[in-house]
Amino acid sequence: MSEPKKTKRTVQKIVFFIVAILLLLLVVLGVTGYRYFMTSLEPLNPESEEVVEVEIPMGSSRADIARILEDNNIINSAFVFNMYIRMNEEEGFQAGYYKLSPSMGPDQIIDRLQEGGAPVPQESVTTIPIPEGVTVEQIAVIIGEQTEFSEEDVLNLLENEQFLQEKAEEYPRLLTSAMEAKEDTIYTLEGYLFPATYNYYEGMAADELITAMLKKTDDVLSQYYAEIENQDKTVHEVLTMASLIEREAVEDEDRQLISGVFQNRLDSGMPLQTDVSVTYALEEHKERITYEDLETDSPYNLYQHRGIGPGPVNNGSESSVQAALNPTETDYYYFLADLDTREVYFSETYSQHLQYKSEYLD
């Protein structure tokens with residue numbers, strides 16, 4: 001064999017060996033890199049119960065957000081997290097203060113950052129629970145007790161024409177029918193302040209708090225607007241019926257039956273004769289109403305007036321909205337509730353109703 005041929009084969013072997021080594025290194029680096037990438041996407045500490053408040057400043061880029069999360073020991077690697085959100089084309093991250101944990105995975109963190117954070121540190125936030133079935137005036141008292149606003153401040157805002165017009169423009173599906181009925185109602189927004197727990201922070205304006213309540217109502221009703229329209233009803237009518245149902249029942253099954261009773265009475269031209277309307281007309285809560293109370297001169301008194309009244313008499317729950325839209329088909333025209341046992345007794349005839357009243361209430 002000639003020397004050049006031998007040399008050529010030797011060079012080929014060396015090149016092949018080098019290429020093989022490089023390919024092996026690429027495979028090793030690829031596997032190692034993949035493992036590093038996937039490991040870095042795992043929660044920093046899956047068992048952690050720690051919650052860290054993290055601020056995402058206005059104008060933060062995806063790289064900035066990743067760095068902030070790493071600096072606050074929420075994620076393993078800012079580089080990997082940034083690569084992950086870029087690969088998935090995630091965007092819409094919002095500024096604010098967030099409660100995050102090292103136990104959270106990347107998708108949980110991304111979802112939270114896209115939902116939006118609090119405008120101020122959460123340590124300065126007070127939670128204001130609004131119970132189901134309370135009136136606007138009761139809500140004003142609750143807010144007055146837990147914020148810097150007085151009861152009068154809240155009620156004045158709720159009667160402010162400019163504020164009402166602005167909110168009607170902001171939430172037209174929710175408030176159009178309320179504005180049409182406002183000349184007949186005591187408070188235009190009665191029934192429209194959804195019972196839930198709200199955050200209040202120092203420096204927050206009263207209109208921001210009330211707007212949060214309206215937004216919550218609009219969010220809840222968004223899934224019912226189509227059905228309300230299909231039933232040829234207005235939002236105001238549905239919320240009015242829901243408010244009557246709210247204070248008459250506890251269990252969802254009772255709510256739908258009571259809704260059925262009310263519907264039967266409306267269809268037959270009978271007055272609803274609900275005590276809830278009388279106590280609202282009296283502007284006070286009473287466990288028992290008297291015959292004198294029944295003579296109260298008010299369009300809200302549904303013993304004296306047929307129909308459902310001018311508007312809501314409290315701020316009802318979603319369950320009551322569902323019941324207002326889905327009354328149970330029934331032959332019942334009367335019901336009464338035992339306030340001690342919370343049992344509701346339904347009857348088809350007035351004589352049966354009187355019998356139940358004698359047996360359970362007298």
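Analyst: Helices (H or I, at least four residues) and strands (E, at least two) are DSSP runs, numbered from the N terminus. This is a predicted model, with residues numbered from 1 along each chain as its sequence is written. Local features need pLDDT of at least 70 and side-chain atom pairs 80 or more, totals for chains, interfaces and linings use all residues, and side-chain values use heavy atoms, without hydrogens or water.

User: Which helices do the buried residues of helix 14 pack against?

Analyst: Helix 14 spans residues 318-325, and Ser320, Val321, Ala323, Ala324 and Leu325 are buried there. By contact (heavy atoms within 4.5 Å), these buried residues pack against helix 9 (206-221), helix 10 (225-230), helix 11 (235-246) and helix 12 (252-267).

User: What share of contacts with a separation of 6 or more joins residues 24 or more positions apart?

Analyst: Let's look at the whole protein. Among its contacts with a separation of 6 or more, residues 24 or more positions apart account for 63%.

User: Which helix holds Leu22, and why is Leu22 called partly exposed?

Analyst: Leu22 lies in helix 1, residues 3-41. Leu22 is partly exposed because its relative accessible area is 47%.

User: Which helix holds Glu152, and why does Glu152 count as partly exposed?

Analyst: Glu152 belongs to helix 6. Glu152 counts as partly exposed because its relative accessibility is 48%.

Conventions:
Buried means under 20% relative accessible area, exposed over 50%, partly exposed in between (1.4 Å probe, protein chains only).
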